[in-house]
Protein chains: 2
Amino acid sequence: MIGSDVIRGYCDTILLSLLAQGDSYGYEISRAIRERSGGAYVMKETTLYSAFARLEKRGFIASYQGRESRGRPRTYYTITAPGREYLREKLEEWRETRALMDRFTNTEEISKEES
Amino acid sequence: MIGSDVIRGYCDTILLSLLAQGDSYGYEISRAIRERSGGAYVMKETTLYSAFARLEKRGFIASYQGRESRGRPRTYYTITAPGREYLREKLEEWRETRALMDRFTNTEEISKEES
DNA sequence: TCTAACTACTACGTCAGACATAGTAAATAA
DNA sequence: TTATTTACTATGTCTGACGTAGTAGTTAGA
């Protein structure tokens, strides 16, 4: 299970990564995250939609109303050029963070004995 | 540069990892993090000491006063058995998070063209 | 001896992001 | 008409990382 504290700061990156593969909408993204994580991480609706709002406000994504012939109309999101640039930066930051964490944790021998 | 939002949730893990290698104190840990990250991450003093307080409160570390012959006396921290167990869990969570992030980001071809 | 620099902290307050809780709303199936 | 699935919105909480500021002991140098 992945806790909210450790995923914090990566939600936006996950969303942008998914939108970089094509326009999508809330429910679909939600499902994609759950499925692609094998259930290890489920992004809450409030987290998801507030992230959308934040990203749109910053100009990293744009939205438009879909015209489905069936079902409630959805709001689709699309990544913008600044959004792709931001994603690139975030991916670089992710790589740095990963390298840092690996440096601090790989080396450890966590022995069981003594306090 | 690693931002505070992406490091959030990993500070405790970093500290415990370092303490798992041997008892230490604030300044030394602070220096170790700065140096071992090549300056990419500098944990602020307030962050460091409040993390110590939090971890001690939860029983994951214990403290004792050092008796140095020179310099201001320091507070040393040592990892406890529950602390080692907690560290193991956090390291597992880190591996899961890393796998998740890699799954979401590795696949992406971030092309530069179009919005 | 005065000051600066280094070491080793503490207090207080801010802020943002993830989430809990709860409700709204449209369409379809039974 | 009721339940179910989809598709959201509003409001508030909580925590952790950090900004700002100050305290305090020790040592080195002028």
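Is S17(A) buried or exposed?

Reply: This is a predicted model, in which local features need pLDDT of at least 70 and side-chain atom pairs count only at pLDDT 80 or more, while totals for chains, interfaces and linings use all residues. Residues are numbered from 1 along each chain as its sequence is written, chains are lettered from A and ligands numbered from 1 in the order in which they are written, and side-chain values use heavy atoms, with hydrogens and water left out.

S17(A) is buried, because its relative accessibility is 0%. Buried here means under 20% relative accessible area, exposed means over 50%, and partly exposed lies in between (1.4 Å probe, protein chains only). The residue belongs to helix α2 of chain A; helices (H or I, at least four residues) and strands (E, at least two) are DSSP runs, numbered from the N terminus. A polar atom of the S17(A) side chain lies 2.8 Å from the backbone oxygen of T13(A). In general, an α-helix has 3.6 residues a turn, so residues three or four places apart point the same way.

L19(A), with 1% relative accessibility, counts as buried. Leaving aside residues up to four places away in sequence, L19(A) touches S24(A), I29(A), F52(A), I61(A), Y77(A) and I79(A), where contact means heavy atoms within 4.5 Å.

The contact draws 48 residues from chain A and 48 residues from chain B. About 4,400 Å² is buried between the chains, 59% of it from carbon and sulfur atoms; this area is the accessible area (1.4 Å probe) that two parts lose on being put together, summed over both. Across the interface there are 3 salt bridges, each a side-chain nitrogen of Lys or Arg within 4 Å of a carboxyl oxygen of Asp or Glu. One salt bridge joins the side chains of D102(A) and R98(B), at 2.6 Å from N to O. On the chain A side, α1 (4–7), α2 (11–19), α3 (26–36) and α5 each supply at least two residues that touch chain B. Helix α5(A) gives the most, with 17 residues.

Rings of Phe, Tyr and Trp (its six-membered ring) pair if their centres lie within 6.5 Å; planes under 30 degrees apart count as stacked, over 60 as edge-to-face and the rest as tilted. By this rule there are 13 aromatic pairs over all chains. One of them is the tilted pair of W94(A) and W94(B), 5.9 Å centre to centre with 50° between the planes. W94(A) sits in helix α5 (residues 81–105) of chain A and W94(B) in helix α5 (residues 81–105) of chain B, so this pair joins two chains. W94(A) is buried at 2% relative accessibility, and W94(B) is buried with a relative accessible area of 2%. Y10(A), W94(A), Y10(B) and W94(B) form one aromatic cluster.

Terms used: Polar contact = N/O pair within 3.5 Å; in protein donor to acceptor, adjacent residues only side chain to side chain.
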